[in-house]
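Subject: Structure for your review

Dear colleague,

Please find the structure below, together with its sequence. My notes on it follow, and I would be grateful if you read them with the model open.

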Amino acid sequence: MYDVIIIGSGPAGYVAAIRASQLGLKIACIEKSSTADGSTQLGGTCLNVGCIPSKALLDSSHRYADAINHFSDHGISVSKPKLDISKMMDRKNKIVTQLTTGISGLFKANKVTQVFGHAKIIDSNHVEVTSSDNSEVLETKNIVIASGSSPINIPVAEINHKDIVDSTGALEFESVPKKLGIIGAGVIGLELGSVWSRLGSEVTVLEALDQFLPMADKRIAKDVYKEFNKQGLNINLGCKVTSAISNNKAVSVTYEHDDNVSEVTFDKLIVAVGRKPNTDNLLDQNCGISVDEKGFIPVNDFCETNVENIWAIGDVVRGPMLAHKASEEGIMVVERIAGKHAEMAYNLVPSVIYTHPEVAWVGQTEEDLTQANIEFKTGSFPFAASGRALASGESTGSIKVIADKKTDTILGVHAFGPSAADIVQQGVVAMEFGASAEDLGLTIFSHPTVSEALHEAAMAVNGQAIHIGNRKK
Ligand code: FAD
Ligand code: NAD
C-alpha cells in the first residue's frame, strides 16, 4: 500500500514525488511514456518536448543570429557563420537526456518507485496500470493526478508529422524551412517562430484574435508586436484559417481576414493554438470524477477534486499551463497530504515569453485593475535609459511597476527587455513579501545592471526616478 500514487512524471508529478518522499511518504510515480530503447521517459512535456528543448534551440539560434547581425556592432568581424542544424539538434537532445535521466537518479535517491504504464483510476484507493505486457492494480491512500496536456489539433489543419506539425515536430526540423507558417501568435508561436526566423526562415504567423498577447500589459504588447515584426516575424491578426492542404512538397493555407480570402504557401506549417488536458482513459466511470466542459479536472484552490484523497495538479487543471505553477501545486498538495499547512499564491505566478528580448510579467495589468475598480499608479522606465542595457546593445523595451494608489503596495510588474524574466522575478519576490513601490525604491541595486530599470520604475511610481523626467499621472 502506497501513501501516494502520482500519475505523470512531468514538472507537476516528479516534483510532487520528490517532496512527498522528503516528507517520509511511500510514493509511486506512474509514467506511460517510454524511450526508443524501452525505458521509462520521465520529465513530461517540459523536459522532453517543451521548456527545455525549446530553450536550447532559442539559445543556439540567438547566438547564430547575434553573430550575423550584431557582432559587427562591437567591432568584431566574422565570416558568415555556417549552420550545422544536426549538431544543434544533437546538443538539444543531449540536454534533454541529461535532465530526464537526472530525474531517474533523483527518484532512486529519494526511493520513489517508478512504475511504467498507463494509469487509470478505479477508485480513491486503486489505480490500474497497463503496459503492453502487464496489467496490475496498485493500492494507495492518496492519488495525485499530474497527467499534463497535449497540443490541440484543429480539423482545418490536421497534423501529418511531415509538413504540418505541432510544437513537438517544430523542435525537430532537419533543415531550415524557407517559408514557415505558424497558426497562433501565442507563446509557442512566438518562441518557435523566433527560433526558425533567426535561423533563416521567412515566418508568417496567422492569429485568429484581433488583439496581440491579450494577457499582457497593453502598452508592452504593442511594443512587442512592433519589435517582433521588425525582427522578421510577420504577425497577422484577425486571420481565420479555413484550410491547410499538403501536397507533400508544400502546404497551401487559406485564411479569411476582414471578409477577404487569401491563400499562402509554406514549406512547413506549425499549428500552435493551445493545449488540452490529458484525461483519455484516465478516469473509470465509477471513480467519481468527471471533467469540465473544456476537459480539465475540476479542483479547488488546494487542488482537491470532488473525491476525497484524489488531487489534481499542473496542466490537467485550471490556471496557466506553466511548469513552475505545476511544480508548486505538486509541493502544496503533498505537504497537505502530510498534514502541513500549505497554499499557493496564484496571484504571483510569473509568465515569461523567452524571445529576444524577453517578455515577462507578474500580477495584475492596468486593465485588470480598472475592471476591478482598484485605483492604481504606475511608473515606467525605458531600457534605452539604462547604462548597462546600452553598454550591452540591448536597449529595446521598458519596464512598468503598478502599485495601489493609496497603500503603494506593488500589484504588478511588466517588462519587455533584456533579462526581463530575471528582473520580473525580483518583482515576484518583492510582491511575495508585500513590498511597496517605495520599498523597492529604497533597495540598493548593483550598478551597472539591467535590474536597475526595476529600481527606477519603482521610484517612478512616486515621481522619484533619477534617470528620466518624472511626470506624475
Ligand atoms: P506534463 O509535463 O505534460 O507531464 C504529464 C506526464 O503525464 C507526461 O509525461 C505523460 O506521459 C504522463 N501521463 C499522462 N497521462 C498518463 C496516464 N494515464 N498514465 C501515466 N502517465 C500519464 N512552461 C514553462 O513554465 N516555461 C517554459 O519555458 C515552457 N515552454 C514550453 C515550450 C513548449 C514547446 C511547450 C509545449 C510547453 C512549454 N511549457 C513551458 C509548458 C510546460 O511544459 C507545461 O506547463 C508543463 O510541462 C506541465 O507539467 P505537468 O507535469 O502538469 O504535465
Ligand atoms: P497559447 O494559448 O499561448 O496561444 C495560442 C494562440 O493561438 C492564441 O493566441 C489563440 O488566440 C490562437 N488561436 C487559437 N485557435 C486559433 C485558430 N484556429 N487560428 C489562429 N489562431 C488561433 O498556446 P500555445 O502557444 O500553443 O502554448 C500552449 C501552452 O504552453 C500555453 O498555455 C503556454 O502557457 C505554454 N507554454 C509556455 C511557455 C513559456 O512559459 N515560455 C512556452 C511555450 C508554451
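By class, how many nonpolar, polar and charged residues does the shell around ligand 2 have? The counts are 13 nonpolar, three polar and three charged residues. In this classification Ala, Val, Leu, Ile, Met, Phe, Trp, Tyr, Cys and Pro are nonpolar, Asp, Glu, Lys and Arg are charged, and the others, Gly among them, are polar.

Before the details, the conventions. This is a predicted model, in which local features need pLDDT of at least 70 and side-chain atom pairs count only at pLDDT 80 or more, whereas totals for chains, interfaces and linings use all residues. Residues are numbered from 1 along each chain as its sequence is written, chains are lettered from A and ligands numbered from 1 in the order in which they are written, and side-chain values use heavy atoms, with hydrogens and water left out.

Domains

The chain is divided into domain 1 (2-151 + 276-347), domain 2 (164-273) and domain 3 (357-461); these bounds come from an automatic or database domain assignment. Between the C-alpha centres of domain 1 and domain 3 the distance is 31 Å.

The surroundings of ligand 2

Ligand 2 is surrounded by 19 residues, where a residue counts as near if one of its heavy atoms lies within 4 Å of the molecule. The closest are Ile 188, Glu 191, Glu 207, Gly 274 and Val 352. Helix α6 (residues 187-198) provides the largest share of this shell, with three residues. Helices (H or I, at least four residues) and strands (E, at least two) are DSSP runs, numbered from the N terminus.

A polar backbone atom of Val 187 is 3.2 Å from an oxygen atom of ligand 2. A polar side-chain atom of Glu 191 lies 2.7 Å from a nitrogen atom of the ligand, and an N or O atom in the side chain of Glu 207 is 2.6 Å from an oxygen atom of ligand 2. On its own, ligand 2 has 840 Å² of accessible area, of which the protein covers 75%. Accessible areas come from the Shrake-Rupley method with a 1.4 Å probe; for residues, only the protein chains shown count as cover.

Salt bridges

The structure holds eleven salt bridges, each defined as a side-chain nitrogen of Lys or Arg within 4 Å of a carboxyl oxygen of Asp or Glu. Glu 329 takes part in one with Arg 318, with the closest N and O atoms 2.9 Å apart. The two are eleven residues apart, Glu 329 in helix α8 (residues 323-337) and Arg 318 in the loop between β17 (310-312) and α8. Glu 329 is buried, at a relative accessible area of 0%, while Arg 318 is partly exposed at 27%. Here buried means under 20% relative accessible area, exposed over 50%, and partly exposed in between (1.4 Å probe, protein chains only).

Glu 329 also forms a salt bridge with Lys 325, at 3.1 Å between the closest N and O atoms. Because Glu 329 and Lys 325 are four residues apart in helix α8, about one helical turn separates them.

Asp 408 and Lys 377 meet in a further salt bridge (3.0 Å, N to O). Asp 408 lies in the loop between β21 (398-404) and β22 (410-417) and Lys 377 in strand β20 (residues 376-382), so the pair ties together parts that are 31 residues apart in sequence. Both Asp 408 and Lys 377 are buried.

Backbone features

Two cis peptide bonds deserve a look. One joins His 356 and Pro 357, with omega about 0°; Pro 357 is in the loop between β18 (351-353) and β19 (358-363). The peptide bond from His 447 to Pro 448 is also cis, with omega near -5°, and Pro 448 is found in the loop between α12 (437-441) and α13 (452-461).

Cys 303, a residue other than glycine, has a positive phi near 65°. Cys 303 is buried, with a relative accessible area of 0%.

With kind regards

Notes. Polar contact = N/O pair within 3.5 Å; in protein donor to acceptor, adjacent residues only side chain to side chain.
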